[in-house]
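Biologist: Could you walk me through how this one is packed, starting with whatever I need to know to read the numbers?

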Amino acid sequence: MRSRRPLLASTVAALLLVSCAPTETVSTTDVAGSTPAVLDGDFGPDDMMALFYLLQRPDLDVLAVTVSGTGLVHCPQGAANAAAILSHLGRADIPVACGPDEPTAGGNAFPEEWRAGSDELATSLGVEPYIGHVDTDAVGLLTETIGGAGQPVRLLVLGPMTNIALALDASPDLVDDIADITMMAGAFDVNGSVAPDYLAEWNVWVDSAAAQRVIGTPVPKTIVPLDATNDVPATQFFFDTLTRTKRTPEAKLVWTFFATHDYNLEGGSYFFWDPLAAVALVEPGIVDLSTRSVEVDQATGQTLQADGGAEVEVAVAADRRGFEEEFLTVVNGGSFVEARIPEPDLTVHYADGACTYQGDTEFDLDGNPDTSVFVEVVNDTEEPVAVMAGAHDGVSWEQLKQDAVVYEETLTPPEYWVQAGTIGIAGHSVTGGATVGALELEPGTYAIACGTAANDVILLTDIVVSP
């Protein structure tokens, strides 16, 4: 068993924070030469991962990276991080610039604590700091690069759209030099990510005027909103696969991020928002697209389907296995990586202050050295919940119930309780409601229980794991 310590408190606290495989050739678009691309983002960790994917695509030529000063990082620190990481990868030839730190309208901003943490991205990955001059004219770099590319440029936008809107205003003819725009933005038929109303998604809410300007641009556009990104959570299974297969410097940096920020692997706390948009840029079959007429509500930042809006391809769902295999294969240099996405053995459902259990109560390992019991946790509330498995050495169910009350009051489990595994999931307003995790259980009898942020312990059932 992996742990003999009570994990409820640490798991809930973390939630409150936000094999070598057979070699195959990676699927790439069959083009003569490479297509020019520009990435504009706020250079949080998921922007970094999206950049790694683009850099490893042999059919794309990344001409420039611009960093939104209204996004997750402050500028010029965000641009310095991007430049440092590109230098670390041997791609210091790609120019980087950051943009203004005020949105084109209004005063919305990301939480300061999020921004401060993202400012330390390069340092947290062990990358040498960038010590050169940081260009602060993102608009100039965009207009010069796109206008001078010699062929239409594919534009990937992963943060607030301030830089892009300003560039389009400064050079209206720039639209003639843009092949298409793919953006991670918005939420349509699911909850947004901005509290308390959860109507808007952060990239749109921070600068909704800029978002409307870019969405209304007369070029082909694809929006990858939370509707699709909710289908691609970061999980321990993804991390385990990456641990076994990481080969390139890009893949190793992705691994380092999750290894040093492992709370992001807790159920429902982190999704591949920007990497999915990057994959959708060149492999649109990874997402289900719906043509919609879209506009942005300037008061709320909500993305809406509305008559008279701009015609946009909206990703309404994503193929999780297809995404993971495409992303991991490409960032590993083209050797095929098979995703591990297990089917659940049982389901625990949390709603209205109560947990329910669905599934078998006896599991036969049949000599399999993999002792994982895969549990789907469905959370229909806005508070985090953890599912725990604990051995209780034959203590009666009645005694367990009595001792659970003491556990709730003191956070101290009885001496006989041996916690064998925990799976956590955040509230549905952020996650979409479900995650699958693994309980590593050696043969024996275990009580399954829910634990909540209010320290409630809800006993569900015993399960028996046979050798």
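Modeller: Helices (H or I, at least four residues) and strands (E, at least two) are DSSP runs numbered from the N terminus, and axes are lines fitted to C-alpha atoms, for helices over the stretch in contact, with angles that run from 0 to 180 degrees between N-to-C directions. This is a predicted model, in which local features need pLDDT of at least 70 and side-chain atom pairs count only at pLDDT 80 or more, while totals for chains, interfaces and linings use all residues. Residues are numbered from 1 along each chain as its sequence is written, and side-chain values use heavy atoms, with hydrogens and water left out.

Biologist: OK, at what angle do helix 11 and helix 14 pack?

Modeller: Helix 11 (residues 236-245) and helix 14 (residues 320-331) pack at about 25°, with axes 12 Å apart. That makes helix 11 roughly parallel to helix 14, since angles under 35 degrees count as roughly parallel, over 145 as roughly antiparallel, 65 to 115 as roughly perpendicular and the rest as oblique.

Biologist: And which residues make that contact?

Modeller: Taking contact to mean heavy atoms within 4.5 Å, Phe237, Phe238, Thr241 and Leu242 of helix 11 meet Arg320, Glu324, Phe327 and Leu328 of helix 14. By class, the contact of helix 11 with helix 14 has 5 nonpolar, 1 polar and 2 charged residues, where Ala, Val, Leu, Ile, Met, Phe, Trp, Tyr, Cys and Pro count as nonpolar, Asp, Glu, Lys and Arg as charged, and the others, Gly among them, as polar.

Biologist: How does helix 11 sit against helix 12?

Modeller: Helix 11 and helix 12 (residues 249-260) pack at an angle of about 135°, their axes being 10 Å apart, which makes helix 11 oblique to helix 12. Phe238, Phe239, Leu242 and Thr243 of helix 11 are in contact with Ala251, Val254, Trp255, Phe258 and Ala259 of helix 12, and these residues divide into 8 nonpolar, 1 polar and no charged.

Biologist: Switching topic, which residues touch the most other members of the largest nonpolar core?

Modeller: Those are Val65, Ile85 and Phe258, in a core of 71 residues. A nonpolar core is a set of buried Ala, Val, Leu, Ile, Met, Phe, Trp, Tyr and Cys residues joined through side-chain atoms within 4.5 Å; buried means under 20% relative accessible area, exposed over 50% and partly exposed in between, with a 1.4 Å probe and protein chains only. A second, separate core of 35 residues includes Ala97, Leu141, Val153 and Met161.

Biologist: What does Val65 contact?

Modeller: Leaving aside neighbours within four places in sequence, Val65 is in contact with Leu39, Leu51, Ala82, Leu86, Ile94, Pro95, Val96, Ala97 and Leu141.

Biologist: Which residues of helix 7 are buried?

Modeller: In helix 7 (residues 162-170) they are Thr162, Asn163, Ile164, Ala165, Ala167 and Leu168. These buried residues pack against several elements, including strand 1 (35-41), strand 2 (60-67) and helix 6 (138-147).
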